[in-house]
Amino acid sequence: KKTERETDMRKILFILAVLCFLMCGCQKNENSDASEYQDELSKAQEITVVSEDTSKITRTITKDKDLKKFVNALDLEHWKLGELPDDAKKTGTFGFSQEETIKFGETKPDEKLYDVCEITMYDEPYIDLEMGDIHMVFQITEQTANDLNDYF
């Protein structure tokens, strides 16, 4: 059985890996290709949609084609680190979950989904990305904000 420390270390390593590809994806240059980061995010096996109005899960995305559509809507190549405006109001959140990676000696995952990331949307073109104790605010395009807010 896994110890609590091993589980915490795995979570920390996963968070660092996700941060690395998000940060690289946000620093667009001539050679960057956001599709490689979208592939990483598409490993999510479930995305829950929670509207700020109801504070309840209004939708759960689990089909591969719908997960890919959502990841494409994120438009990672246009994210820029930013500061949330004081008057921004939450519109809802997206919770990303996936199974733990199969480790050496294991034949299949435990099929339990673990929360790995949460994205909070606002009525302004900004998102708050939360992974564990790490919060990062990104400015996104108006089109991306509209596409993501349509999920609520």
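This report walks through a predicted model of one protein chain, from its overall layout to a few individual residues.

**Overall layout**

The protein chain contains 4 helices and 7 strands. The chain has 152 residues, and 36% of them count as buried. Its accessible surface comes to about 9800 Å², with carbon and sulfur atoms supplying 47% of that area. Contacts across the sequence are worth a look too: taking those between residues at least 6 apart in sequence, 59% join residues at least 24 apart.

**Two charged patches**

Let us begin on the surface. A patch of negative charge is formed there by E83, D86, D87 and D123. One of these residues, E83, sits in the loop that links β3 (80–81) to β4 (90–99). E83 has a relative accessibility of 68%, so it counts as exposed, the cut-off being over 50%.

There is also a patch of positive charge on the surface, made up of R59, K63, K65 and K69. K69 belongs to helix α3, which spans residues 64–74, and R59 belongs to strand β2, which covers 57–61. How exposed is K69? Its relative accessible area is 58%, and K69 therefore counts as exposed. R59, at 37% relative accessibility, counts as partly exposed.

**Two residues with positive phi**

Now for some backbone geometry. Most residues other than glycine have a negative phi. S55 is not a glycine, yet its phi is positive, at about 60°. S55 is found in the loop between β1 (46–51) and β2 (57–61), and with a relative accessible area of 58% it is exposed. D75, likewise a residue other than glycine, has a positive phi near 50°. Its place is the loop between α3 (64–74) and β3.

| Pair | Separation in sequence | C-alpha to C-alpha distance |
|---|---|---|
| V50 and G92 | 42 residues | 5.4 Å |
| N149 and T91 | 58 residues | 7.2 Å |
| R59 and Y151 | 92 residues | 8.2 Å |
| N146 and A73 | 73 residues | 9.7 Å |

Take V50 to start with. V50 lies in strand β1. Is V50 buried or exposed? V50 is buried, because its relative accessible area of 19% falls under the 20% cut-off. Setting aside neighbours within four places in sequence, V50 is in contact with S55, K56, I57, G92, T93 and F152. That list includes S55, the residue with a positive phi of about 60°. It also includes G92, whose C-alpha atom is separated from that of V50 by 5.4 Å.

Leaving out neighbours within four places in sequence, R59 is in contact with I47, T48, V49 and Y151. R59 and Y151 are 92 residues apart in sequence, while their C-alpha atoms are 8.2 Å apart in space.

N149 has a relative accessibility of 21% and so counts as partly exposed. N146 is also partly exposed, with a relative accessible area of 42%.

Which residues does N149 touch, not counting those up to four places away in sequence? They are T91, M121 and Y122. T91 is 58 residues from N149 in sequence, with 7.2 Å between the two C-alpha atoms. For N146, A73 is 73 residues away in sequence and 9.7 Å away in space, C-alpha to C-alpha.

Conventions
Residues are numbered from 1 along each chain as its sequence is written. This is a predicted model: local features need pLDDT of at least 70, side-chain atom pairs count only at pLDDT 80 or more; totals for chains, interfaces and linings use all residues. Side-chain values use heavy atoms; hydrogens and water are left out. Buried means under 20% relative accessible area, exposed over 50%, partly exposed in between (1.4 Å probe, protein chains only). Contact means heavy atoms within 4.5 Å. Accessible areas come from the Shrake-Rupley method with a 1.4 Å probe; for residues, only the protein chains shown count as cover. Patches are made of residues with over 30% relative accessible area and no salt bridge: like charges are joined within 9 Å, nonpolar side chains (Val, Leu, Ile, Met, Phe, Trp, Tyr) within 5 Å. A salt bridge is a side-chain nitrogen of Lys or Arg within 4 Å of a carboxyl oxygen of Asp or Glu. Lys and Arg count as positive and Asp and Glu as negative; His and the chain ends are not counted. The place of a charge is taken as NZ of Lys, CZ of Arg, CG of Asp or CD of Glu.
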